[in-house]
Amino acid sequence: IALVARLDGLASHETVARAATALANLEHRGAEGADGGTGDGAGMTLQLPDALFRAEVNPLNGNYDQTRYFPGKQIDTSNVGKLHPAWIFQTEVKESLETTPIVVNGVMYVTTAFNHVYALNAKTGEQYWHYKHKMGPITTYCCGPNNRGVAVNGDKVFMGTLDAKLLALDAKTGSLIWETQIADPELGYSETMAPTAVNGKILIGTNGGEYGIRGFVRAYDAETGKQVWNFDTIPEKSVGVWATHDATGRDMHRDIAAEKTAYEKLGDPYKTLGGGVWQNPAVDLKTNRIYFVVGNPSPDLDGSLRPGDNLYTDSLVAVDLETGKYVCHFQYIAHDVWDLDAVSPPILVDVKDKDGKTVPGVIHGGKTGNVYVHRRDDCSLIRFSEPMVDQTGMWSLPTPEGTPMLPGANGGVEWSPMAVNPELSMTYAVNLHQPMTYHVESSPYPDGKLWLGGAFKVIPGSDQFGNVTAVDYNTGKIKWQVKTPQPMMGGAFTTAGGLMFTGEANGWFRAYDAASGKILWSFQAGAGVNAPASSYSVDGKQYVVVGAGGN
């Protein structure tokens, strides 16, 4: 379900139940009118007016800076306690939701697992159309059949698919305009990230770091679907500088001599080194650069087959928007054998440098449990935050029998987007605490099959929980932190009304005071809330929306 909350008094549970039933019936009629899931049509339940469509772009995370900060103040700390359901829409896909809804001129576009797209009336929740992608014979994905949303550009809606395609749909009807095969799913490639639409281009990376792919970010022409440029996230010379310490200065216990010997014997492993890109790039239109983070090397836990720093895995990377040419990078973890890759979307925001001068910055929340603050011009690191999670045994090497290390392979900050409040100079992250043991077991490249080089296992009986953390990005200090009973996944969202919203796996969706961390409002959605929230306004009224679909 997708819950939308608004102000104006209180709605009874009976009223909400009637609305949910009516919308479920409306959705059912749309399914009957569709083309049976062939993937090239849509069942219209309501007529979309032509006036809704203009030549505009709506970035996924609120803006190209990816701040996830909504400027509206209608809902604020004084009245958020009066929020109540405006409508609830139930999809036909019974699976976890990770989508971020996009609203353009009163139309909401949401995706589900297995690449369904819905267009809804953002005021009432009524369905305009429903697109079902006809999946190819091969899909390969390590971590669930999720989809994190669409890009909208004028009269087109764009989505990446599990069978490694990029689609363009008609925003008014949901019909397929074009599709492009991005990569070969038989080799481990897939798409779960949302594309980004900018300057007539559709930007998208690839998943597959657990399958021995060679990662990339690409730009496609929004009108034709033809490739404009390609940037390989693994350069042909991936060896790097043989770094021995991580971004925070801690020894990673690398055996550099053994790695150099292996490099002479095996050569550069760039063709199967992984480096997927899980989330959207941030776009700096002033400098014409995009900033994204790159995931783990392949195989995840076995470094013996991939000597060197494994560039540009576990890195922040900037490239030119028009050409895809390399600009700069910063690697957080060289030769990662713990699967602590960089996956949460980077955010562009002005920050204080080491001398206290305000400079254009880019911040990233790592699976390590640190927030990293960079200069935007050269990607260099200004500071890192206090650890938001337990880091006991950090960089203990995996062994055949298993070695414990925190924070565990899920983080820290997973793919979960952070948000910022620029007025408070604070960023907000949701974190996981999942103690794990790391087991290494070497095996050769398996031709596109799962290639972890071992396993990471949750320690039986260990205490698992999460937290919501606010960090001052100008000092790196934690301002407040709230523990949650289960690990956190969906992400953070802020508003100019002084609020921060996030959901939990147990079904609670909450509003926090952004300055203090006090819980001001809670709603039980009835299913795990593992998606980032959004906000929008229609007819002068502010709404908050989030997906809830289980775990």
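**Exercise 1. Which residue in E20 is the bridge partner of Ser 315?**

Work through the pairing of the strands in this predicted model, beginning with the partner of Ser 315.

Solution. Step one is to look across to E20, where Gln 331 is the bridge partner of Ser 315. Step three is to follow the chain from E19 to E20, which form a hairpin with 5 residues between them; in the turn, Gly 324 has a positive phi of about 80°. Step four is to turn to E18, which runs antiparallel to E19 and is joined to it by 5 bridges, and here Phe 292 has Val 317 in E19 as its bridge partner.

**Exercise 2. Is Tyr 291 buried or exposed?**

Describe the surroundings of Tyr 291 as well.

Solution. Begin with its position, which is in strand E18 (residues 289-293). Tyr 291 has a relative accessibility of 1%, so it counts as buried. Next, setting aside residues up to four places away in sequence, Tyr 291 touches a number of residues, among them Pro 281, Leu 316, Val 362 and Cys 379. Of these, Leu 316 is 25 residues away in sequence, yet the C-alpha to C-alpha separation from Tyr 291 is 7.0 Å. Finally, a polar atom of the Tyr 291 side chain lies 2.6 Å from the backbone oxygen of Arg 376.

**Exercise 3. Which side chain is joined to that of Lys 156 by a polar contact of 3.1 Å?**

Solution. First locate Lys 156, which is found in strand E10 (residues 156-160). At 7% relative accessibility it counts as buried. Its side chain is joined to that of Glu 223 by the polar contact of 3.1 Å. Beyond four places in sequence, Lys 156 is also in contact with other residues, including Ala 151, Leu 169 and Ile 177.

**Exercise 4. Where does pLDDT stay under 50?**

Solution. Start from the whole protein chain, whose mean pLDDT is 91, with 90% of its residues reaching 70 or more. Then look at the parts in which pLDDT stays under 50: residues 9-45, for which the model has 66 contacts beyond four places in sequence, and residues 50-56, for which the model has 17 such contacts.

Note on methods
Residues numbered from 1 in each chain as written. Heavy atoms only, no water. Helix = DSSP H or I, 4+ residues; strand = E, 2+ residues; numbered from the N terminus. Buried < 20%, exposed > 50% of the residue type's maximum accessible area, 1.4 Å probe, protein only. Polar contact = N/O pair within 3.5 Å; in protein donor to acceptor, adjacent residues only side chain to side chain. Contact = heavy atoms within 4.5 Å. Pairing = 2+ DSSP bridges. pLDDT = per-residue confidence, 0-100.
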